[in-house]
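Here are my notes for a first reading. Please keep the model open beside them.

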Amino acid sequence: MTPSRLRLILALMLAPFLWTAAGAQAISFPELGSALPGRTDVTYLDLARMVIPDLAADKDGFYRGGLPIEMRHIEGPDSGGSPPETSGFSNAAVLAIKAGGKDRLTMLFDLGDSPDSAEGYAVLALYDITAKPKLLDAVNVALDRGTYFHEPGRLSVSANDDVLITMSAHFNSSQNYVITPLIMIRDDKFEPIDMIYTFDENLCAYSRKQDVTLQTVGDGQPYAAIKVTVTDSTVLNGESCDDTPPRPESHEISVTYHWDKKTSRYTKDSDALDKLAGENANRF
């Protein structure tokens, strides 16, 4: 099975919980050749070419191009692989946000597989489109094979600022691995807050699923606290199997990130999600 087909299958599997809030959160997939709302002089393809300069549509309406501009990985200089020498996609996810009290536009391009990493290569780009469009920042946010916006796409942490939520994932016949980054924008640059690791299994006698939900909590700081809850559920499917299944149960693991004025960054109130990641790693 080709990598592109695997990405399509993964996107279809994840679609029910990725995009249920798409309308409310304004995540969209416009035709790249279409003009920006309220503009006649700029298309989404113009914005995409700021990331992949030679991007162009082929005869089937698929967009192809060469190497993207140079950029850092969201985790830092020691993470991520090289971009593919050629990229192709039919559209890109678009999400309008607030950053520092200013209107900004983000676009997420999944460019495909990296030639030297098991991760893919996905570009999260930040634009100022209030006048002549300007690319403000671009980072590789791929942490696994396929990368998307994670519902709800953004969280408002103040009247002037949103935090972005992406996700990277891959699956096999019985397992689904997901990494969910929380990303802040400061001075028109992307900054990571943290990464949330979850792991689903669908085995002979039971399935185990870890669902992530996020919400903001006002705590009197310049930026609202962010509460992350992972619901870890084990459900029996009624099949008779050789191994004894675990008991069905469901429990929540929650961590709250509070803004720290002294360090000017978010800090978490426990290591519960780190422990969950370690437990999941032992199940791989």
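1. Residues are numbered from 1 along each chain as its sequence is written, and side-chain values use heavy atoms, with hydrogens and water left out.

2. Confidence comes as pLDDT, the predictor's score for each residue from 0 to 100. The protein chain has a mean of 89, and 91% of its residues reach 70 or more. Strand 8 (residues 134–140) is highest at 98, while helix 2 (residues 22–25) is lowest at a mean of 39. Helices (H or I, at least four residues) and strands (E, at least two) are DSSP runs, numbered from the N terminus.

3. Be careful with residues 1–25, where pLDDT stays under 50. Where pLDDT is low, the predicted coordinates should not be read in detail.

4. Gln175 sits in strand 11 (residues 175–186). Is Gln175 buried or exposed? Gln175 counts as buried because its relative accessibility is 14%; the cut-offs are under 20% relative accessible area for buried, over 50% for exposed and partly exposed in between (1.4 Å probe, protein chains only).

5. Gln175 also has contacts (heavy atoms within 4.5 Å). Leaving aside neighbours within four places in sequence, Gln175 touches His170, Phe199, Asp200, Glu201 and Arg283.

Technical notes
This is a predicted model: local features need pLDDT of at least 70, side-chain atom pairs count only at pLDDT 80 or more; totals for chains, interfaces and linings use all residues.
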